[in-house]
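Subject: Structure handover

Hello,

Below is the structure you will be working with.

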Amino acid sequence: MSGRRGNISPVRVALSVYLGAIAALAACDPADALDAAGGQVVATRAVRPGTHGADTLIVGRPFDAIWLDPARVTDNESVEVTEQIYDRLLNYRPGTHEIEPGLAVAWETSDGGRVWTFKLRPGVRFHDGTPFDADAVVFSFERQRDPNHPFHRDDFQYWGGTYHNIVSIEAVDELTVRITIEEPYAPFEANMAMFPVAIVSPAAVRKWGDDYAEHPVGTGPFRLASWTRGDRIVLERNDDYWGGAPQIRTLVFRTIPDARQRLIALESGAIDIAYSIQPEELQFVQLHPDLELHRRPANNVAYLAMNTRHPPFDDVRVRRAANYAINKEPIVKLLYQGQAIAAEGPLPPTQWGYHRVDEPYRYDPARARELLAAAAADGRFRYDQTYTLYAPSTPRPYLPNPQGVARAVRANLADVGIKTELVVQPFDRHLDSVRRGVHDLCILGWVGDNGDPDNFLYVLFDRNNARVGSARNVAFLDDAELHGLLVWAQQSQDREEREHYYARAQRLIHELAPWVPLAHSQVNVAARRDLAGIVIGPSGQIDYKEVRRP
């Protein structure tokens with residue numbers, strides 16, 4: 001054996017030091033544990049593994065849900081909880097986007113794909129005891145479709161883009177529903193398994209009205225027990241669940257904004273699962289004997305969007321200059337710690353329909369300066385103008401270090417002559433701002449919902465999704481040719497033909513340059529090693545009804 005101290009791995013030394021720091025923090029009084037970023041007191045009571053009970057599962061997340069009405073949400077935190085409370089007519093098989101029966105046990109199409117008939121599962125009841133039937137399905141859809149419905153609201157996020165072609169929903173009998181769409185629509189079946197068309201209890205919506213989003217009632221494997229905003233959501237097992245009761249009796253989603261505090265809580269056993277672990281702390285999780293890191297290449301993209309309605313970003317030369325200005329490789333290497341790949345376009349390479357353009361934008365600040373000089377000579381760009389760059393302060397699955405990425409982007413833009421003022425807000429406020437189009441530039445991202453390219457390209461670039469106030473096309477791009485390509489792709493039932501349309505669409509998006517695509521990230525979820533059944537789906541979420549302690 002060598003006598004050199006160098007035989008001790010630096011990683012093991014770092015782990016030992018880190019473990020000591022974690023243990024010291026976890027053992028202290030909660031009032032003494034401070035959020036390093038803001039000095040706020042964060043409750044980190046030292047609860048050793050298992051003391052909250054084998055049938056309780058506690059999940060630590062950086063942000064609370066915004067609403068629990070599936071028709072009103074798009075953020076991961078809200079969607080993750082609603083997926084436990086509600087069911088849809090169709091489901092995705094766990095870990096995939098393959099379709100399987102949900103509240104519908106069988107379905108068929110007719111009239112060339114315009115009419116869809118669903119046979120419903122008998123004997124299912126909502127959490128409030130009322131029966132699930134065809135009338136409940138009609139109610140759930142009609143409140144979104146019909147602006148004159150007494151419970152219609154203007155902030156139903158997906159209907160206008162994803163489900164706008166639904167013409168009617170009819171109850172044929174107690175357990176049969178017929179949905180008619182304007183014209184054949186290839187993504188329709190996949191869309192029927194998405195969260196926005198989860199079936200809600202008509203009785204609960206009538207009872208709570210505008211407050212229903214805080215009192216959700218579905219037919220899912222868990223029911224809401226309590227919600228303390230900004231702190232925790234507590235769900236209880238639905239013992240009568242048609243798919244078999246979950247093994248976990250109580251499921252708790254705790255809001256822990258600081259990443260280090262989430263890691264402390266996980267290591268101490270105060271929580272069982274932690275999202276948004278900082279990239280530089282992943283090795284600690286991998287080396288810890290009581291923790292396990294679950295990974296999945298996610299169907300996502302992080303991007304810089306330029307508001308094409310705001311000068312100078314209404315000039316394609318300026319938008320292309322921004323694409324040449326951003327150096328993505330250091331962002332991926334340093335700020336994602338290699339847990340991502342640099343994006344060349346909006347679709348991740350794992351998504352069918354992905355098309356790599358012949359000449360993607362490369363880091364070329366000299367070319368960026370040339371384009372800006374040409375735009376300035378025409379009076380379309382001003383070097384003395386400062387533009388707003390909006391970014392979230394809250395980590396996202398596609399953006400684990402949002403402020404770090406924002407600062408890197410800002411520096412790259414400044415280097416070529418685009419001056420920006422950084423506006424950093426919590427995610428809910430950030431989302432509201434960019435949907436209203438107040439930004440010149442913004443950093444955001446998207447997680448694919450249904451495994452279809454339509455869910456990226458149509459949702460994020462079509463003119464129909466650029467309505468101020470609820471925009472998901474936050475570049476506010478409005479291009480007739482692109483709209484035509486995306487609609488043709490929706491109407492075609494031939495996969496090869498759809499691929500052709502999507503390739504043309506991606507080439508056109510590249511030419512129009514409304515975004516700087518930044519990265520496709522890997523989803524990492526840290527968990528206690530005594531858990532089984534953790535499967536991360538393509539959207540980066542866990543199916544909690546399958547999680548158990550062996």
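A contact here means heavy atoms within 4.5 Å. Helices (H or I, at least four residues) and strands (E, at least two) are DSSP runs, numbered from the N terminus. This is a predicted model, in which local features need pLDDT of at least 70 and side-chain atom pairs count only at pLDDT 80 or more, while totals for chains, interfaces and linings use all residues. Residues are numbered from 1 along each chain as its sequence is written, and side-chain values use heavy atoms, with hydrogens and water left out.

Helix α3

Helix α3 covers residues 134-145. Its 12 residues reach 16 Å from the first C-alpha to the last, close to the 16 Å expected (1.5 Å times one less than the number of residues). Because 10 of the 12 residues are buried, α3 is largely enclosed by the rest of the structure; buried means under 20% relative accessible area, exposed over 50% and partly exposed in between, with a 1.4 Å probe and protein chains only. The cover over these buried residues includes β5 (115-120), α4 (159-162), β6 (166-173), β7 (176-181) and α6 (202-208). At the start of the helix, a side-chain oxygen of D133 comes within 3.2 Å of the backbone nitrogen of D135.

The sheet beside it

Which strands make up the open sheet, and in what order? The order is β4-β5-β7-β6, with antiparallel pairing; two strands pair if DSSP finds at least two bridges between them. β4 (104-110) and β6 are the edge strands, each pairing on one side only. From one strand to the next, the twist averages 20 degrees. Five bridges join β5 to β7, and K119 has T176 in β7 as its bridge partner. α3 packs on this sheet, touching β5, β6 and β7, and its direction makes about 165 degrees with that of β6 (axes are lines fitted to C-alpha atoms, for helices over the stretch in contact, and angles run from 0 to 180 degrees between N-to-C directions).

The cores

A nonpolar core is a set of buried Ala, Val, Leu, Ile, Met, Phe, Trp, Tyr and Cys residues joined through side-chain atoms within 4.5 Å. The largest one has 140 residues, and F141 and Y544 have the most contacts inside it. Strand β18 (residues 515-528) gives the largest share of this core, seven residues. Among the residues that F141 touches are L89, W159, I166 and M192.

Strand β1

All six residues of β1 (residues 56-61) are buried. In a regular strand the side chains alternate between the two faces of the sheet. In β1 both faces are covered, with T56, I58 and G60 on one side and L57, V59 and R61 on the other. β1 pairs in the parallel sense with β10 (residues 250-255) over six bridges, where I58 stands opposite V252. Two bridges join β1 to β11 (residues 273-274), also parallel, and G60 stands opposite A274 there.

Residue N307

Is N307 buried or exposed? N307 counts as buried because its relative accessibility is 2%. N307 lies in the loop between β13 (300-306) and α9 (316-325). A polar atom of its side chain lies 3.0 Å from the backbone oxygen of H439. Not counting residues up to four places away in sequence, N307 touches residues including F313, G437, D440 and F476.

Regards

Note on methods
Polar contact = N/O pair within 3.5 Å; in protein donor to acceptor, adjacent residues only side chain to side chain.
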